[in-house]
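Dear colleague,

Please find the structure below, handed over for your use.

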Amino acid sequence: MNRKAKTLLVLALVGVVGMAFRVSWNALRDIATAIGADPTAARLYAFVVDGLMALALVATLVLTKASDRKFALRVLAAYTVASLVLNYVHGLVPELHGGSVGPGRLADLGKVGWLLVLLATSLPVGSIYFGSDLVAKVLHHRPEPTPNAEETAETESNRSTADLEESAPEPVAPVADPTPLPVELPAPDQSAPTVAAVPAESARPRRATGRVPESARTTRPKRTPAELLDEARSATADWSDEELTAERIRRAVRTSAEKARGLRDALRAERAEASAGESEAAAA
């Protein structure tokens, strides 16, 4: 809705409220006369009741806090019901029309009259209390800051880009050749080279998490398979065959689980060859 349409809507509301106030004016004036108000007070009585209704309506539109808006709506509803009751009584009792009923004669209606007098006389006091509270809430109201158009557009753009990135399918990484890579490994006696199979690292696709900063990168130099095997051989020299597991090797040399399994197989193969050589020497 553009600004012109909003202005017309507000003017229409003001016109409807003004005409309703004029219609209710006579009834509230006659009721005030019937409870003992002088002519000046009787003319102002309509402002006390219907005026507070207008004030509560404005406070409801201005206040944004939930508790304050609920309070303003309750005041608006209570005074609307009170004005409705007084207008109904005015239409129900013809003697009230034109102020022909003398002051204090509303109590002649019995118990109903006593209740109406209590209602009519309590409305001005309630207007002072509730009106002051509503004005204080409006004056102390601090509207929440609204983001400007550029920040809103940038936020929406970033959100849309993030949604597109999340909905886009992940790229499928090429499957690496699962064939073990042959690596020349020296025998324990350094006399003949032994070829042991070290499985290639798993080709499971990994999601990119961004560039690792220089301060977070490890300072340990990258080791060749031969250096890694020498280090594992030194660390497991006094281990038994049952203790020669991939997990213990991984923690001893600080390597990956895949490389630890390859080192375990290579070390077990070396020990098996060494045991076979010792058996042949003993048989000879």
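A polar contact is taken here as a pair of N or O atoms within 3.5 Å; within protein, one must be able to donate a hydrogen and the other to accept it, and residues adjacent in sequence count only if both atoms are side-chain atoms. The model is a predicted one, in which local features need pLDDT of at least 70 and side-chain atom pairs count only at pLDDT 80 or more, while totals for chains, interfaces and linings use all residues. Residues are numbered from 1 along each chain as its sequence is written, and side-chain values use heavy atoms, with hydrogens and water left out.

Asp50 and its surroundings

Asp50 belongs to helix 2 (residues 39-62); helices are DSSP runs of H or I with at least four residues, numbered from the N terminus. The side chains of Asp50 and Ser24 are joined by a polar contact of 3.1 Å. Asp50 is buried but forms no salt bridge, and Arg22, the nearest side chain of opposite charge, is 9.8 Å away. Buried means under 20% relative accessible area and exposed over 50%, with partly exposed in between (1.4 Å probe, protein chains only). A salt bridge requires a side-chain nitrogen of Lys or Arg within 4 Å of a carboxyl oxygen of Asp or Glu; for charge, Lys and Arg count as positive and Asp and Glu as negative, whereas His and the chain ends are not counted.

Beyond its neighbours within four places in sequence, Asp50 is in contact (heavy atoms within 4.5 Å) with Phe21, Ser24, Leu28 and Ser83. Ser83 lies in helix 3 and is counted as buried because its relative accessibility is 7%. The C-alpha atoms of Ser83 and Val49 are 6.8 Å apart, although 34 residues separate the two in sequence.

Nonpolar cores

A nonpolar core is a set of buried Ala, Val, Leu, Ile, Met, Phe, Trp, Tyr and Cys residues joined through side-chain atoms within 4.5 Å. The largest has 28 residues, and Tyr45, Tyr79, Leu86 and Leu123 have the most contacts inside it. Helix 1 (3-34), helix 2, helix 3 (66-92) and helix 4 (111-139) each supply at least two of its residues, with helix 2 giving the most, at 8 residues. A second, separate core of 12 residues includes Leu228, Leu244, Ile249 and Ala266.

Arg254

Arg254 is placed in the loop between helix 7 (246-253) and helix 8 (257-283). Its phi is near 55°, a positive value in a residue other than glycine. Arg254 is exposed, as its relative accessible area is 65%.
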